[in-house]
Amino acid sequence: MAVSRRAASAAGSPPDTGALLRKLLAATLRKSPSFAEIPASARLALEREFQIRTYAPRDIIFFEGQVHDEVLLPLRGVVTLTYLDSRHRRVLFAVVGPGDVCCHSGTMPDALRTRLRMDAVRDCVIASLDYKRLVELLFGIPFGRFAAGTSFVFGPRDFCLARDLMARGKTLRERLLEVVADLCARFGVSEGRGAIIDLPLTHEDLADLVGASRPKVTHEVRLLEKEGVIARHGRRLVVKKVETLTS
């Protein structure tokens, strides 16, 4: 199903060097699983070279077919990665939040690279760095030498994407439960009724995340509420049956 998006520049705002955003970058690198264990000297070198851009809600960060050879690190806000399946329907692949890493590089196989698209769900702050430069900083060797011994380097998300690209699109309920499970795992806070997702989410936000219309998402959410799977606490979702999300 196609997702209607506001037209936006893929470049986002000009790079920002503000002190507060630089502090946010430093804190995110320290907490990110991808960078937390690297030597402090390498992390400081990365801090100096990452560029920081801001995006408005519903901005398209990159389109299918565009490759910037960049590593993208969200510092604030939530973005989605989607792809076109074999029937040219837009399918959600992943929700990417602060500290998650997305490698959008020419080292990816064409079948993946030309289908991916990234969109901002809310106001977002994203740090980016040239992929080759990141490799050189982390490994201390020229990129050519690194690439000669490696056909390609992928993270867990990319392996999942390679598998899912060949699969049929999932139903709206499957996509919605998958998104809620992902958000619950990363932003869920245990409380008496279950796990509350500590993010203010409207039905329109959920529609953006799953690539469907708001009325259809509202209908599905109400069905899940009747079944006792989820509930609302103000603008926050409460997951009452966590096991249902992954069954």
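This note goes through a predicted model point by point, from its helices and sheets to its salt bridges.

1. **The pair of helices H1 and H2.** Helix H1 covers residues 19-31 and helix H2 covers residues 40-49. Their axes come within 10 Å of each other and cross at roughly 140°. The crossing in which H1 passes H2 is right-handed. On the side of H1, the contact is made by Arg22, Leu25, Ala26, Leu29 and Arg30. On the side of H2, Arg43, Leu46, Glu47 and Arg48 take part. Sorted by class, the residues of this contact are four nonpolar and five charged, with no polar residue.

2. **The sheet that contains E1.** Four strands form an open sheet in the order E1-E8-E3-E6, and their pairing is antiparallel. Strands of a sheet pair through backbone hydrogen bonds, either parallel or antiparallel. Strand E1 (51-55) and strand E6 (102-104) are the edge strands, and each of them pairs on one side only. From one strand to the next, the twist averages 30°.

3. **The pairing of E3 with E8.** Within this sheet, strand E3 (residues 70-76) and strand E8 (residues 124-130) are joined over six bridges in the antiparallel sense. The student may locate the pairing by one of its positions: valine 71 stands opposite leucine 129 in E8.

4. **Helices that pack on this sheet.** H1 packs on the sheet and touches E1, E3 and E8. The direction of H1 makes about 105° with that of E3. Helix H4, made of residues 131-139, lies across E3, E6 and E8. H4 runs at about 70° to E8.

5. **Leucine 25 as an example.** Is leucine 25 buried or exposed? This residue, placed in helix H1, has a relative accessible area of 0% and is therefore buried, since the term applies to values under 20%. Leaving aside neighbours within four places in sequence, leucine 25 is in contact with Glu47, Phe50, Ile52, Leu73, Leu75 and Ala127. Leucine 25 and leucine 75 are 50 residues apart along the chain, yet their C-alpha atoms are separated by 6.4 Å. Leucine 25 is also one of the H1 residues that make the contact with H2.

6. **The sheet that contains E2.** Another open sheet of four strands has the order E2-E7-E4-E5, with antiparallel pairing. E2 and strand E5 (90-96) stand at its edges; each has a single partner strand, so one side of each is left without a neighbour in the sheet. The twist in this sheet averages 30° from one strand to the next. Strand E4 (residues 79-84) runs antiparallel to E5, and six bridges join the two. In this pairing, leucine 84 stands opposite arginine 90 in E5.

7. **Arginine 58 and glutamate 204.** The count of salt bridges comes to eight. One of them joins the side chains of arginine 58 and glutamate 204, at 3.6 Å from N to O. Which parts of the chain does this pair link? Arginine 58 belongs to the loop between E1 and strand E2 (60-62), and glutamate 204 to helix H8 (residues 203-210), so that distant parts, 146 residues apart, are linked. Arginine 58 counts as partly exposed, at 24% relative accessibility. Glutamate 204 also counts as partly exposed, at 44%. The backbone of arginine 58 deserves a remark as well: its phi is near 75°, a positive value in a residue other than glycine.

8. **Aspartate 198 and arginine 236.** These two residues form a salt bridge in which the closest N and O atoms are 3.2 Å apart. Aspartate 198 lies in the loop between strand E10 (194-197) and H8, while arginine 236 lies in strand E12 (residues 236-239), so the pair ties together parts that are 38 residues apart in sequence. Aspartate 198 is partly exposed at 45% relative accessibility, and arginine 236 is partly exposed with a relative accessible area of 28%.

9. **Further salt bridges.** Arginine 117 forms a salt bridge with aspartate 119, and the closest N and O atoms are 3.1 Å apart. Both of these residues are buried. Finally, Glu49, Arg133 and Glu136 are linked in a network of salt bridges.

Technical notes
Residues numbered from 1 in each chain as written. Predicted model: local features only at pLDDT ≥ 70, side-chain atom pairs only at ≥ 80, totals over all residues. Heavy atoms only, no water. Axes fitted to C-alpha atoms, helices over the stretch in contact; angles between N-to-C directions. Left-handed = near helix turned anticlockwise from the far one by under 90°. Contact = heavy atoms within 4.5 Å. Nonpolar A, V, L, I, M, F, W, Y, C, P; charged D, E, K, R; others polar. Pairing = 2+ DSSP bridges. Salt bridge = Lys/Arg side-chain N within 4 Å of Asp/Glu carboxyl O. Buried < 20%, exposed > 50% of the residue type's maximum accessible area, 1.4 Å probe, protein only.
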